[in-house]
Amino acid sequence: LYKAANRSLDLTIDNLGRTRFNTALAVYQQMMHNAKDDCEKEAVFPCSSDGVHQGKNETNCYLVDWGCGYPCLDRRFGMG
């Protein structure tokens, strides 16, 4: 399964063009780096760093532990 998925991904990248893919990947990686630097400290997860549940209304996640810190990401990337 892994080999088939990896081969399919390689063929897709080849179809797009390696230069185009590598450019898009570099943009994505830079955006992820910026998002982490700018927003990591604002994300409020369901549990504290000590593992204590903080309560449903104490987080800033879309759902459960998905999308925590989204208000900062929305501001950072012009969606809010």
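This short talk describes the helices, salt bridges and selected residues of one predicted protein model.

Two remarks on method come before the structure. The model is predicted, so local features need pLDDT of at least 70 and side-chain atom pairs count only at pLDDT 80 or more, while totals for chains, interfaces and linings use all residues. Residues are numbered from 1 along each chain as its sequence is written, and side-chain values use heavy atoms, with hydrogens and water left out.

Let me begin with two helices. Helices here are DSSP runs of H or I with at least four residues, numbered from the N terminus. Helix α1 covers residues 2-16, and its axis comes within 6 Å of the axis of α2, with a crossing angle of roughly 105 degrees. That makes the two helices, α1 and α2, roughly perpendicular, a term used for angles of 65 to 115 degrees. The axes are lines fitted to C-alpha atoms over the stretch in contact, and angles run from 0 to 180 degrees between N-to-C directions. Which residues make the contact between α1 and α2? On the α1 side they are Asp10, Ile13, Asp14 and Leu16, and on the α2 side Arg18, Arg20 and Phe21. Contact means heavy atoms within 4.5 Å.

The term buried means under 20% relative accessible area, exposed means over 50%, and partly exposed lies in between, with a 1.4 Å probe and protein chains only. Leaving aside neighbours within four places in sequence, Ile13 is in contact with Arg18 and Phe21.

I turn now to charged side chains. Side chains of opposite charge can pair when their charged atoms come close. A salt bridge is counted when a side-chain nitrogen of Lys or Arg is within 4 Å of a carboxyl oxygen of Asp or Glu. How many salt bridges does this rule give? The count comes to four. In one of them, Asp10 and Arg18 meet at 4.0 Å, N to O. Arg18 also forms a salt bridge with Asp14, where the closest N and O atoms are 2.9 Å apart. Asp10 is partly exposed, with a relative accessible area of 28%; Arg18 is partly exposed at 40%, and Asp14 is partly exposed at 42%.

A further salt bridge joins Glu42 and Arg75, with the closest N and O atoms 2.7 Å apart. This pair links distant parts of the chain: Glu42 is in the loop between α2 and α3 (70-76), Arg75 is in helix α3, and the two are 33 residues apart. Glu42 counts as partly exposed, because its relative accessibility is 34%.

Ala43 is in the loop between α2 and α3. Is Ala43 buried or exposed? Ala43 counts as buried, at 16% relative accessibility. Not counting residues up to four places away in sequence, Ala43 touches Asn60, Cys68 and Gly69. Ala43 and Tyr70 are 27 residues apart in sequence, and their C-alpha atoms are 7.6 Å apart in space.

Gly51 also lies in the loop between α2 and α3, but Gly51 is exposed, with a relative accessible area of 52%. The C-alpha atoms of Gly51 and Gly67, 16 residues apart in sequence, are 19 Å apart. Between Ile13 and Gly51, 38 residues apart along the chain, the C-alpha separation is 40 Å.

Val27 lies in helix α2, residues 18-39, and is partly exposed at 48% relative accessibility.

Note on methods
Parallel < 35°, antiparallel > 145°, perpendicular 65-115°, else oblique.
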